[in-house]
Amino acid sequence: MLRRTLLAASASDRMRQMVVSAPYTRDVVARYVAGEDAAAAVEATRRLQASGLAVSLDYLGEDTTSQDHATAVAAEYVALLGRLEAGGLSQDGGAEVSVKPTALGLHLPEHGEKTAAANIERICVAARAAGTTVTVDMEDHTHVEATLRIVRELRGDYPDLGCVIQSQLRRSAADCRALASAGSRVRLCKGAYDPPPEAAFASRAEVDRSYARCLRILMAGAGYPMLATHDPRLIRIIAAQAVLTGRGNAGFEYQMLYGIRPAEQLRLAATGAKVRVYVPYGSDWYGYLVRRLAERPANLAFFLRSLASRR
Ligand code: FDA
């Protein structure tokens with residue numbers, strides 16, 4: 001209930017203004033976001049790689065409303081990939097990038113899908129030159145069809161383009177079956193948005209059961225599963241599935257968010273498994289922060305304190 005209220009309130013401009021300017025907010029942001037610019041992102045990447053972790057970098061922002069801004073977001077990614085390559089951090093996918101279709105133009109009133117696809121393709125070209133890959137994040141359930149269409153189309157030229165499936169959606173087991181083909185990189189997560197009941201499972205238990213179902217489909221298939229979760233129970237199921245399917249450590253990877261369960265990230269890497277950390281950076285952190293707060297009631301204490309201290 002609290003999660004739903006928070007996600008709904010996140011759309012309000014007044015709420016955004018209060019949160020962005022509240023004194024305690026910065027401390028919470030610093031926990032989840034690597035910094036405001038590419039230099040900070042590259043520095044965090046270097047640190048994480050030195051401790052044996054792979055990285056996926058996300059330039060924060062979503063719901064772009066102008067062509068120029070969408071172009072600028074793509075340019076930021078191209079420049080970032082150049083920096084990663086120059087720093088010797090991107091080779092063999094050691095650091096890749098994650099992109100949001102709405103940040104790259106999907107929402108534009110005219111030719112949104114075409115614009116997002118063209119911008120993602122520019123990023124794919126730069127990623128290939130840097131020796132790494134791109135994964136297309138999944139946003140709100142209303143964007144699933146268009147996002148999967150863009151991925152399908154671009155995979156003709158960029159077969160290593162990754163996509164994301166959210167286990168909270170009822171359609172996801174079918175999507176996993178369609179995507180579990182050779183070379184297909186699929187990130188499985190629970191889903192951070194708030195879809196309506198006709199599209200999504202209502203309870204946490206159902207979302208978890210759906211995750212386990214999708215996981216089994218992806219692990220039994222011919223693609224490359226990227227298993228994004230911090231949930232200890234699901235991590236045990238993933239490890240068991242890896243043994244059962246004989247995939248071994250090279251056949252899949254764990255993914256976790258920057259600042260969440262860092263000790264667990266290192267523990268899994270020490271077992272020989274591949275672990276990738278999703279590292280967001282940039283000044284447009286509001287939407288990302290609210291989704292992280294909504295996931296964890298304990299974090300709400302910080303949040304509410306920061307709002308109260310404004311009065
Ligand atoms: P769950 O939320 O049940 O948490 C399990 C445990 O993890 C908690 O008990 C706690 O210990 C810890 N934890 C989880 N969240 C925490 C937080 N915010 N702060 C502190 N501890 C926390 N979603 C989406 O819709 N589209 C996408 O493209 C992506 N991409 C993505 C990439 C990667 C690498 C990850 C890890 C996650 C995503 N997500 C996402 C987010 C995802 O859908 C989901 O919201 C979060 O991962 C939280 O779900 P868990 O599976 O961790 O389980």
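Biologist: In which helix does Arg209 lie?

Modeller: This is a predicted model, and Arg209 belongs to a surface patch of positive charge together with Arg213, Arg216, Arg233 and Arg236. The element that holds Arg209 is helix 9.

Biologist: Which helix gives the largest share of the positive patch?

Modeller: Two helices, helix 9 (204–220) and helix 10 (232–244), each supply at least two residues of the patch. The largest share is 3 residues, and the helix they come from is helix 9.

Biologist: Asp208 forms a salt bridge with which residue?

Modeller: The closest N and O atoms of this pair are 3.0 Å apart, inside the 4 Å limit for a salt bridge. The partner of Asp208 is Lys190.

Biologist: Why does that pair tie together separate parts of the chain?

Modeller: Asp208 lies in helix 9, while Lys190 lies in the loop between strand 5 (185–189) and helix 9. The pair therefore ties together parts whose separation in sequence is 18 residues.

Biologist: Is Asp208 buried or exposed?

Modeller: Buried means under 20% relative accessible area. Lys190, at 21%, is partly exposed. Asp208 has a relative accessible area of 15%, so Asp208 counts as buried.

Biologist: How many salt bridges does the structure hold?

Modeller: Among them are the bridge between Asp208 and Lys190 and the one between Asp137 and Lys100. The structure holds a total of 12.

Biologist: What is the N to O distance between Asp137 and Lys100?

Modeller: The side chains of these two residues meet in a salt bridge, and both residues are buried. The N to O distance is 2.7 Å.

Biologist: How many residues apart in sequence are the parts tied together by Asp137 and Lys100?

Modeller: The salt bridge joins the side chains of Asp137 and Lys100. Asp137 lies in the loop between strand 3 (134–136) and helix 7 (144–154), and Lys100 in the loop between strand 2 and helix 6, so the pair ties together parts of the chain at a separation of 37 residues.

Biologist: Which residue forms a salt bridge with Glu145?

Modeller: Glu145 lies in helix 7, and its partner lies in the loop between strand 4 (162–166) and helix 8 (172–179), so the pair ties together parts that are 26 residues apart in sequence. The closest N and O atoms are 2.9 Å apart, and the partner is Arg171.

Biologist: What is the relative accessible area of Arg171?

Modeller: Glu145 is partly exposed, with a relative accessible area of 40%. Arg171 is also partly exposed, and its value is 28%.

Biologist: Is Leu148 buried or exposed?

Modeller: Leu148 lies in helix 7. The cut-off for burial is under 20% relative accessible area. Leu148 has 6% relative accessibility, so Leu148 is buried.

Biologist: How far apart in space are Val125 and Val78, C-alpha to C-alpha?

Modeller: Val125 lies in helix 6 (residues 112–129) and is partly exposed, with a relative accessible area of 45%. Val125 and Val78 are 47 residues apart in sequence, and their C-alpha to C-alpha distance is 8.7 Å.

Biologist: How many residues of strand 2 are buried?

Modeller: In a regular strand the side chains alternate between the two faces of the sheet. In strand 2 (residues 95–99), Ala95, Val97 and Val99 on one side are buried, and so are Glu96 and Ser98 on the other. The count is 5 of 5.

Biologist: In strand 8, which residue is the bridge partner of Asp58?

Modeller: Strand 1 (residues 54–59) pairs with strand 2 in the parallel sense over 4 bridges, and in strand 2 the bridge partner of Asp58 is Ser98. Strand 1 also pairs with strand 8 in the parallel sense, over 6 bridges. In strand 8, the partner of Asp58 is Pro280.

Biologist: Why is strand 8 largely enclosed by the rest of the structure?

Modeller: Val275, Val277, Val279 and Tyr281 point one way from strand 8, and Arg276, Tyr278 and Pro280 point the other way. Strand 8 (residues 275–281) is largely enclosed because its buried residues number 7 of 7.

Biologist: Which residue stands opposite Val277?

Modeller: Strand 7 (residues 253–257) and strand 8 run parallel and are joined by 4 bridges. Opposite Val277 in strand 8 stands Met256.

Note on methods
Residues are numbered from 1 along each chain as its sequence is written. This is a predicted model: local features need pLDDT of at least 70, side-chain atom pairs count only at pLDDT 80 or more; totals for chains, interfaces and linings use all residues. Side-chain values use heavy atoms; hydrogens and water are left out. Patches are made of residues with over 30% relative accessible area and no salt bridge: like charges are joined within 9 Å, nonpolar side chains (Val, Leu, Ile, Met, Phe, Trp, Tyr) within 5 Å. Accessible areas come from the Shrake-Rupley method with a 1.4 Å probe; for residues, only the protein chains shown count as cover. Lys and Arg count as positive and Asp and Glu as negative; His and the chain ends are not counted. The place of a charge is taken as NZ of Lys, CZ of Arg, CG of Asp or CD of Glu. Buried means under 20% relative accessible area, exposed over 50%, partly exposed in between (1.4 Å probe, protein chains only). Two strands pair if DSSP finds at least two bridges between them.
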